[in-house]
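Biologist: I am new to this structure and would be grateful for a guided discussion of it. May we begin once it is displayed?

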Amino acid sequence: TFGSSTFGSPLARQDNDIHSGVAGFRWRPAPAWRISFDTEIGRADLPFTPSSDRKFHSETVRLQWRRKGFRLSGRFKSRENNNSASLIQHSSTSRYYSLSGSWARPSGRFSIDGGYTKLELDTVSGIFNFFGGPSGQPSQSFYTSNLHTAYISTRIQPRARLTLYLGYNIVKDTGEGRNSLVFANNFE
């Protein structure tokens with residue numbers, strides 16, 4: 001009951017249990033090196049939406065080298081999710097690559113940082129297009145992103161209460177490499 005109105009339809013209930021396992025390790029083969037790896041695999045019984053996790057897995061690898069004022073690191077992460085329902089299917093894959101480095105003088109008055117990151121995202125999902133195609137016929141939506149990010153920055157402290165920070169950052173999304181959109185069903 002809400003105010004003077006009563007809703008006659010019964011409440012619906014849906015249970016979704018996610019079963020997942022996580023494993024990984026960390027390793028220091030030498031004092032300057034650190035390596036880590038982890039993975040997760042999971043399954044869901046009854047996801048509520050097509051973009052929810054259903055059959056998914058991910059892996060992450062990290063490498064780091066540190067020596068005096070130098071630090072270099074790299075990272076890779078991959079994640080995949082497949083969710084096929086009776087009406088709409090959804091699949092997404094993402095990959096993340098990064099490299100970074102830094103150096104700082106022992107006095108702490110000067111440092112420089114730089115890095116590069118690439119994020120790839122591929123998604124395919126079913127949609128119902130009521131306006132552009134045959135009514136009620138499901139079609140697919142494709143989304144691809146290839147995001148590149150690079151940066152460099154420096155910090156200089158010429159005096160005790162004066163710090164200068166200079167940096168440059170560039171971001172570019174190259175998509176899937178096509179110059180224009182191409183529709184599978186000739187819809188515009």
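Biologist: Is Trp103 buried, exposed or partly exposed?

Modeller: Please note that this is a predicted model. The relative accessible area of a buried residue is under 20%, and that of an exposed one is over 50%. Trp103 has a relative accessibility of 28%, so it counts as partly exposed.

Biologist: With which residue does Trp103 form a tilted aromatic pair, 6.0 Å centre to centre?

Modeller: The structure holds 4 aromatic pairs. In one of them, with 35° between the planes, the partner of Trp103 is Phe70. The two lie 33 residues apart in the chain, Trp103 in strand 5 and Phe70 in strand 4.

Biologist: Which residues do ring pairs link into a cluster?

Modeller: Phe70 and Trp103 form a tilted pair. The cluster linked by ring pairs consists of Phe70, Trp103 and Phe110.

Biologist: Why is the pair of Phe76 and Tyr97 tilted?

Modeller: This pair also links distant parts of the chain, with Phe76 in strand 4 and Tyr97 in strand 5, 21 residues apart. Phe76 is partly exposed at 29% relative accessible area, and Tyr97 is partly exposed at 30%. Planes under 30 degrees apart would count as stacked and those over 60 as edge-to-face. The ring centres of Phe76 and Tyr97 are 5.2 Å apart and their planes stand at 45°, so the pair is tilted.

Biologist: Which element gives the largest share of the lining of the second largest pocket?

Modeller: The second largest pocket has a volume of about 270 Å³. Of its 20 lining residues, those closest to the centre include Arg62, Leu63 and Ser73. Several elements give two or more residues to the lining, among them strand 1, strand 3 and strand 6. The largest share, 4 residues, comes from strand 5.

Biologist: How many residues of that lining are charged?

Modeller: The lining of the second largest pocket includes 7 nonpolar and 8 polar residues. The number of charged residues in it is 5.

Biologist: Is Ser153 buried or exposed?

Modeller: Ser153 lies in strand 7, which spans residues 138–159. Its relative accessible area is 8%. Because buried means under 20%, Ser153 is buried.

Biologist: Which side chain does a polar contact of 3.5 Å join to that of Ser153?

Modeller: Leaving aside residues up to four places away in sequence, Ser153 touches Ser111, Ile112, Asp113, Tyr165, Leu166 and Gly167. The side chain joined to that of Ser153 by the polar contact is that of Tyr165.

Methods: Residues numbered from 1 in each chain as written. Predicted model: local features only at pLDDT ≥ 70, side-chain atom pairs only at ≥ 80, totals over all residues. Heavy atoms only, no water. 1 Å grid on protein atoms, 1.4 Å probe; cavity = no way out; pocket = protein on both sides within 12 Å on 5 of 7 lines; lining within 4 Å. Points joined across faces, edges and corners; volume = space filled by probe spheres on them. Nonpolar A, V, L, I, M, F, W, Y, C, P; charged D, E, K, R; others polar. Buried < 20%, exposed > 50% of the residue type's maximum accessible area, 1.4 Å probe, protein only. Polar contact = N/O pair within 3.5 Å; in protein donor to acceptor, adjacent residues only side chain to side chain. Contact = heavy atoms within 4.5 Å. Phe/Tyr/Trp six-rings, centres within 6.5 Å; stacked < 30°, edge-to-face > 60°.
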